[in-house]
Amino acid sequence: MKVVLFCGGFGMRMRDGVSDLPKPMHPVGPRPLIWHVMRYYAHFGHRDFVLCLGYGAHHIKDFFLHYDETASNDFVLRGGDVELLGSDIEDWTITFVHTGLDSPIGERLRRVKALVEGEDMFLANYADVLTDLPLNEMVDRFRASDAVGALLAVPPQSAFHCVDVGDDSTISSITTLQEMALWENGGYFVLRPEIFEYLPENCDLVADACGTLAKEGRLLGHSYRGFWQPADTVKERNALEAAYQANFRPWMVWETAGAQDVDPLPEPIAVSSSAPGSSASVRIGVL
């Protein structure tokens, strides 16, 4: 399946006032967030990516156009020539589409409609959230339904305590949000092309389209209590970096899962335009 990644927002909560780096390009270890998300999908056999670009698009383009496979793969240097012993992205297809600087996510999706219209279903993601979710389980459940969309539902991340206050101001219980029967949008979507019928111009994917689908009973929520970590803020990104440096990397399922969990590799992809040092197919367009 194709994977649509929304990576064009301003990411104001991650801005330091100095760098114009878009949020998905902030590093976790030696690679940016967006690479970790894409590597996760590739592990499950989904290697055809559509990047919805906007703010800081040149950073994302430059990263892949000058991708250095030697940064995370073993290699042999012989007489000045590099022989890779492994590869991250050689079988990826990446389509780069500028979807506007100020576009809400629903509008970004509308602008890549032509690239997923022929699919039975496709995946979508905010490009800044990491998880060890068994993706195939979510996809299989959605495939067996007649829903138009499905989203990952995770427990609220806030550390605040909730209190139950009676009419006489007496507190009868204190609990954390995670212990309550509440779920929040985890940013991993499975969608059918019918979703475009629910996307008017400049709409939001969740508040508008998914809200309408929920009222119609055509939206699934895949509940998951395993590892899930956003990077909306500097603090959250730093937490991911600290986990990476401590060798706690549950989202890197390609390193920890057995071979039986990985879909077979697809047939080799024809190369239309290659980045230096990589044979990944790259298409750049504007819709």
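These legends go with a set of close-up views of a predicted model.

**View 1. The whole chain, for orientation.** The chain holds eight helices and 16 strands. Of its 287 residues, 45% count as buried. Take the contacts between residues at least 6 apart in sequence: 76% of them join residues at least 24 apart.

**View 2. Strand S1, covered on both faces.** S1 spans residues 2-7, and six of its six residues are buried. Lys-2, Val-4 and Phe-6 sit on one side, with Val-3, Leu-5 and Cys-7 on the other, and all of these are buried.

**View 3. The partners of S1.** S1 runs parallel to strand S4 (residues 48-53), and six bridges join the two. Look for Lys-2 opposite Asp-48 in S4. S1 also pairs with strand S8 (residues 122-125), again in the parallel sense, this time over three bridges. On that side, Val-3 has Leu-123 as its bridge partner.

**View 4. Leu-5 and the largest nonpolar core.** This core has 53 residues, and Leu-5, Tyr-41, Leu-51, Phe-64 and Trp-251 are the ones with the most contacts inside it. Helix H1 (residues 33-43) supplies the largest share, eight residues. Zoom in on Leu-5 and leave out residues up to four places away in sequence: it touches Ile-34, Val-37, Met-38, Tyr-41, Phe-49, Val-50, Leu-51, Cys-52, Asn-125 and Ala-127. Apart from this core lies another one, of 24 residues, with Phe-6, Ile-195, Tyr-198 and Cys-210 among them.

**View 5. Glu-69, buried without a salt bridge.** Glu-69 lies in the loop between helix H2 (57-65) and strand S5 (75-78). What is the nearest side chain of opposite charge? That would be Arg-31, but it is 5.1 Å away, and a salt bridge needs the charged atoms within 4 Å. Glu-69 does find something else to hold on to: its side chain reaches the backbone nitrogen of Asp-88 at 2.9 Å.

**View 6. The S11-S12 hairpin.** Strand S11 (residues 161-165) and strand S12 (residues 171-176) pair in the antiparallel sense over five bridges. His-161 stands opposite Thr-176 in S12. Five residues lie between the strands, and in this hairpin Ser-169 takes a positive phi near 70°.

Methods
Residues numbered from 1 in each chain as written. Predicted model: local features only at pLDDT ≥ 70, side-chain atom pairs only at ≥ 80, totals over all residues. Heavy atoms only, no water. Core = buried A, V, L, I, M, F, W, Y, C linked by side-chain atoms within 4.5 Å. Buried < 20%, exposed > 50% of the residue type's maximum accessible area, 1.4 Å probe, protein only. Helix = DSSP H or I, 4+ residues; strand = E, 2+ residues; numbered from the N terminus. Contact = heavy atoms within 4.5 Å. Lys, Arg positive; Asp, Glu negative; His and termini not counted. Polar contact = N/O pair within 3.5 Å; in protein donor to acceptor, adjacent residues only side chain to side chain. Pairing = 2+ DSSP bridges.
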